[in-house]
Amino acid sequence: MSKVVVFDHPLIQHKLSIMRDKNTGVKEFRELLEEIAMLMVYEVTRDLETCEVDVETPICTAKCHRLAGHKLAVVPILRAGLGMVDGVLNMVPAAKVGHIGLYRDPETLKPVEYYCKLPADSTEREILVVDPMLATGGSASAAIQFIKNRGCNRIRLINLIAAPEGVERMQKDHPDVDIYIAALDDHLNEHGYIVPGLGDAGDRLFGTK
Ligand code: PRP
Ligand code: URA
C-alpha cells in the first residue's frame, strides 16, 4: 500500500486557505500554487540519495554531500498541473519536464487523453507527477498508467487537495506510488468536485471562467 503524506506546515496551510477563497484572483492564485509546489517538493525530496564529496574551500578540504541518486523529471497533468512546474523547478532546476494532456469529461467524469510527451531518458528518472486536484482519481491514475507503459517505475504523485475517493482509487490502481498532499478534503459532490475544495483549478489558474 502506498503512503499518503499530508503536509500540515503552517506556511502551506496559510497559502492554501487563500487559494480556497473564491475572492482570490488569478494572479494571486497562480503565485500561491507555485509557492506551495515549491514548499511541497522541498519535503518530497527529503529522502533523495546523496554521496560524500571532497570540496576545496578557501580554507581546507571539506567533506560535503551532493545528490547521487536518480535524476528527476516533473510531469504536470494539463492544464492545472502546469501551475506547479515552476515551483518544482525552482527547487530542482536540473529536472526535465514531461507533459500529459488529459481532461475530465464533464458527463462521465472519465479522463480523455490528448497529449503525452515525456523526456527521452524518463525510464532512468524518478518521476514527480503534479496536479493540484485529486478528485475521482481517474486523471492521475490514467496519467500514471501512461508513464508506467513507457517503462518508468519510480513515480510519486503531488497534489494540493485530494478527496478520499481519489486517494482510494490511486491506492487501488497504483499501490507503488506514494501520494503527497496539502489537504485531504471531505468528499466529492454530485458533479465530481471536491468539497470544500477550491473549485475548478484550471479555470482559476488561467482565468477561463
Ligand atoms: C482537473 C484537475 C485534474 C482532474 C481531477 O482537470 O486538474 O486533472 O480535474 O479530477 P479527477 O481526479 O476526477 O480525474 P480538468 O479535467 O478539469 O482539466 P483542466 O486542467 O484542463 O481544466
Ligand atoms: N477538478 C477540479 O479542478 N476541481 C475539483 O474539485 C475536481 C476536479
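Tutor: We begin with the polar contact, which is a pair of N or O atoms within 3.5 Å; within protein, one must be able to donate a hydrogen and the other to accept it, and residues adjacent in sequence count only if both atoms are side-chain atoms. Here an oxygen atom of ligand 1 is 2.6 Å from an N or O atom in the side chain of Ser139. A polar side-chain atom of Arg104 lies 2.7 Å from an oxygen atom of ligand 1, and for a backbone N or O atom of Ala135 the distance to a ligand 1 oxygen is 2.9 Å.

Student: What should be kept in mind about the source of these values?

Tutor: This is a predicted model, in which local features need pLDDT of at least 70 and side-chain atom pairs count only at pLDDT 80 or more, while totals for chains, interfaces and linings use all residues. Side-chain values use heavy atoms, without hydrogens and water; residues are numbered from 1 along each chain as its sequence is written, and chains are lettered from A and ligands numbered from 1 in the order in which they are written.

Student: Which residues come nearest to ligand 1?

Tutor: A residue is near a molecule if one of its heavy atoms lies within 4 Å of it. Of the 15 residues around ligand 1, the nearest are Arg104, Asp131, Thr136, Gly137 and Ser139.

Student: How is the shell around ligand 1 divided by class?

Tutor: Ala, Val, Leu, Ile, Met, Phe, Trp, Tyr, Cys and Pro count as nonpolar, Asp, Glu, Lys and Arg as charged, and the others, Gly among them, as polar. The shell around ligand 1 has seven nonpolar, five polar and three charged residues, whereas that around ligand 2 has five nonpolar, two polar and two charged.

Student: Which residues surround ligand 2?

Tutor: Among them are Arg104, Met133, Ala135, Tyr193 and Asp200.

Student: Along its principal axes, what does the C-alpha trace of the protein span?

Tutor: The spans are about 65 × 40 × 30 Å.
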